[in-house]
Amino acid sequence: MNIASLSQWLQSAQMLIAVLLMLVLATVPIGSLSAQEEKERKESNRMSTLPNGTYLYGQSRQPDQIGQEYIVFEVKDGKLVGALYMPHSEFSCFQGTIQANELAMTVDHPYENTQYPYAIALEAVSPLASRNEQAQAPVTLKGYHPLEEISPNDERMLATCQNEFH
């Protein structure tokens with residue numbers, strides 16, 4: 001085989017590979033997920049749900065610490081209403097939704113009468129087995145700690161924000 005025929009053979013092989021690659025890509029449905037991607041999506045969706053209720057989180061494990069941010073909110077059917085605040089300072093009301101891996105919020109600026117988007121990532125704690133034997137991954141807000149006791153001041157801010165958005 002001489003160089004000219006070898007070169008012609010290589011060009012033909014490259015064209016054949018290109019045609020085969022196009023055929024393979026054409027038969028793969030767009031947007032299909034691998035088994036691993038599907039599993040991760042389902043885990044993310046399971047992780048992202050917070051049951052209806054009122055929640056309080058703080059950057060500190062202790063309530064009412066000066067210079068630390070806190071968030072108090074109510075979840076009702078995946079929708080949020082709440083307040084972001086620092087103790088002995090102003091607070092900002094927000095509304096939003098629980099998305100795949102975050103709280104997606106629209107925050108009202110307390111003085112400028114403007115709104116801005118804000119998000120806090122959700123992260124799984126340690127999975128717990130439930131009675132129906134499905135693993136449930138409790139969630140927390142990234143960078144925040146869950147606090148048990150909601151103070152009268154937290155309730156006041158939450159009620160103010162609920163009135164603003166209802």
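Phe 91 touches Ala 83, Leu 84, Tyr 85, Pro 110, Arg 156, Met 157, Thr 160 and Cys 161, leaving aside residues up to four places away in sequence; a contact here means heavy atoms within 4.5 Å. This is a predicted model, in which local features need pLDDT of at least 70 and side-chain atom pairs count only at pLDDT 80 or more, while totals for chains, interfaces and linings use all residues. Residues are numbered from 1 along each chain as its sequence is written, and side-chain values use heavy atoms, with hydrogens and water left out. The structure contains an open sheet of 8 strands with antiparallel pairing.

**Phe 91**

- Phe 91 lies in strand E4; helices (H or I, at least four residues) and strands (E, at least two) are DSSP runs, numbered from the N terminus.
- The relative accessible area of Phe 91 is 19%, so this residue is buried; buried means under 20% relative accessible area, exposed over 50%, and partly exposed in between, with a 1.4 Å probe and protein chains only.
- Between Phe 91 and His 109 there are 18 residues of separation in sequence and 8.7 Å in space, taken from C-alpha to C-alpha.

**The sheet**

- The strand order is E9-E6-E5-E4-E3-E2-E1-E10, and two strands pair if DSSP finds at least two bridges between them.
- Strand E9 (139–141) and strand E10 (145–146) stand at the edges with a single partner strand each, so one side of each has no neighbour in the sheet.
- Antiparallel strands E4 and E5 are joined by 6 bridges, and a hairpin of 2 residues connects them.
- Phe 94 has Val 107 in E5 as its bridge partner, and Val 107 in turn is partnered by Tyr 116 in E6.
- E5 and E6 pair over 7 bridges in the antiparallel sense.
- Of the 7 residues of E5, 5 are buried, so this strand is largely enclosed by the rest of the structure.

**The helix across the sheet**

- Helix H3 (residues 152–165) lies across strand E1 (53–58), strand E2 (70–76), strand E3 (79–85), strand E4 (91–99) and strand E5 (102–108).
- H3 runs at about 130° to E3, where axes are lines fitted to C-alpha atoms (for helices over the stretch in contact) and angles run from 0 to 180 degrees between N-to-C directions.

**Nonpolar cores**

- The largest nonpolar core has 18 residues, and those with the most contacts inside it are Ile 71, Phe 73, Leu 103 and Leu 141; such a core is a set of buried Ala, Val, Leu, Ile, Met, Phe, Trp, Tyr and Cys residues joined through side-chain atoms within 4.5 Å.
- At least two residues of this core come from each of E1, E2, E3, E4, E5, E6 and E9.
- Another core, of 13 residues, lies apart from it and includes Tyr 70, Ala 83, Met 157 and Phe 165.
- Beyond residues up to four places away in sequence, the contacts of Phe 73 include Leu 50, Tyr 57, Phe 94, Leu 103, Leu 141 and Leu 158.

**Aromatic pairs**

- The whole structure holds 4 aromatic pairs; rings of Phe, Tyr and Trp (its six-membered ring) pair if their centres lie within 6.5 Å, and planes under 30 degrees apart count as stacked, over 60 as edge-to-face and the rest as tilted.
- Tyr 55 and Tyr 57 are a stacked pair, 6.5 Å centre to centre with 20° between the planes, and both are buried.
- Tyr 57 and Phe 73 are also stacked, at 6.1 Å centre to centre and 10° between the planes.
- Tyr 57 is in strand E1 and Phe 73 in strand E2, so their pair ties together parts that are 16 residues apart in sequence.
- Tyr 55, Tyr 57 and Phe 73 are linked by ring pairs into a cluster.

**Positive phi in two loops**

- Most residues other than glycine have a negative phi.
- Asp 77, in the loop between E2 and E3, has a positive phi near 55° and is exposed, with a relative accessible area of 64%.
- Asn 113 has a positive phi of about 55° and sits in the turn of the hairpin formed by E5 and E6, which has 6 residues between the strands.
- Asn 113 is exposed, at 76% relative accessibility.
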